[in-house]
Amino acid sequence: MPSVEKPKRSAKKAPPAARKAGKTPAVARPKSAPPRPEPQNGGNVRQQPDARGKYVYCIIQASEPLRFGPLGIGADPAEVHTVNYRDIAAVVSDTPIEVHDPTRENVLAHERVNETVMRKHTVIPMSFGTVFKTRDDIVELLRSAYDAFHDVLDKMQDKLEFGLKILWDREVMVREIENQDEDVRRLKQEISAQKGSTYFARMQYGRLVDAALQAHSEKYVAEIFEALRDVAVASRANKPIGDKMIMNAAFLVSRDKEQAFDQRVKEIGARFDKLTFKYTGPWPPYNFVNIRLKLERAKEK
């Protein structure tokens, strides 16, 4: 029975782009790159290296000011704290007002803060590089979007995101189709036996193989989603990346169902031994939070 590799929470882990899940019919669950949104500058501010602003990592529910320690972005990790409004708060650190490049160190710091905060709080993650000019700008954001933030925090209470990517070896699947499908097998034999042009036979062979691959892929994906339905609150299918990936999904899971979800993924990995599973998490609910914010107060006047 394959085992699930639990995520490591060390701040010294390798950068997201450099780590990959193990390729195995078992289920690898490293803490690899999260499905975070594209980097952006929340305030659309021009680069002002000498000015100090506030880098925002996430929004949480908190009535009192909180401090999380020196975890933030910067050569010397910045102190991470909250800016509060009523019973919600932005998790922030002081930072130069400039565009933050998504370097290894910066991305790890952004992830490190969100990982730390989400251990005890439900978080609404902010995009990498979200910078506000002043504390008042953040308070105005919390005030103006208070109802939206509160609604999302209620819906996401005690929920985590997990990523599941499924890959296969296309050539292995083609050989399996050739063994199982009589029409495909016959066409392959005809192509091998013909001495003249095989163009039309190869075209027909290609169409049959592509159709069979598509049918197999859809069947696998449907079965995996169905098998995880009762241990997840919600799921989202994202576009697969590359020719080998047949499934690229995110699952929203209640904290009290995390072990059940782990176990189910492990069971699926054992059942579909021709597939490679890349299983990551837990993450903040990047794929399940969609709040569009108006940040006019933070723009350069």
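Analyst: The answer below starts with the whole chain, then turns to the rings and ends with the charged pairs.

This is a predicted model, in which local features need pLDDT of at least 70 and side-chain atom pairs count only at pLDDT 80 or more, while totals for chains, interfaces and linings use all residues. Residues are numbered from 1 along each chain as its sequence is written, and side-chain values use heavy atoms, with hydrogens and water left out.

The protein chain has seven helices and eleven strands. Here helices (H or I, at least four residues) and strands (E, at least two) are DSSP runs, numbered from the N terminus. Of the 301 residues in the chain, 50% are buried. Buried means under 20% relative accessible area, exposed means over 50%, and partly exposed lies in between (1.4 Å probe, protein chains only). Among contacts with a separation of 6 or more, 77% join residues 24 or more positions apart; a contact means heavy atoms within 4.5 Å.

Now the rings. A pair of aromatic rings is described by the distance of the centres and the angle of the planes. Rings of Phe, Tyr and Trp (its six-membered ring) pair if their centres lie within 6.5 Å; planes under 30 degrees apart count as stacked, over 60 as edge-to-face and the rest as tilted. The whole structure holds ten aromatic pairs. One of them is F162 with Y279, a tilted pair with 6.0 Å from centre to centre and 40° between the planes. F162 belongs to strand β8 (residues 159–168) and Y279 to strand β11 (residues 275–283), so this pair ties together parts that are 117 residues apart in sequence. F162 is buried at a relative accessible area of 0%, and Y279 is buried with 0% relative accessibility.

Strand β8 also holds W168, which pairs with Y220 of helix α6 (residues 199–228), so parts that are 52 residues apart in sequence are tied together. The W168 and Y220 rings are edge-to-face, with 6.3 Å between centres and 80° between planes. W168 is buried at 6% relative accessibility, and Y220 is buried at 12%. F162 and Y279 also belong to one aromatic cluster with F225, F251 and F261.

A charge can meet a ring as well. R86 lies over the face of Y146, 4.1 Å from the ring centre. The rule asks for NZ of Lys or CZ of Arg within 6 Å of the ring centre and within 35 degrees of the ring normal.

Last come the charged pairs. A salt bridge is a side-chain nitrogen of Lys or Arg within 4 Å of a carboxyl oxygen of Asp or Glu, and the count comes to ten. One joins E140 and R143 at 2.7 Å, N to O. These two residues are three apart in helix α2 (residues 135–144), about one helical turn. R143 is partly exposed, at 43% relative accessible area.

Another salt bridge joins R229 and E226, with the closest N and O atoms 3.1 Å apart. R229 is exposed at 55% relative accessibility, whereas E226 is partly exposed at 47%.

D230 and R264 form a salt bridge too, at 2.7 Å, N to O. That pair links distant parts of the chain, with D230 in the loop between α6 and β9 (234–238) and R264 in helix α7 (residues 258–271), 34 residues apart. D230 is exposed, at 52% relative accessibility, and R264 is partly exposed, at 22%. E267 joins D230 and R264 in a network of salt bridges.
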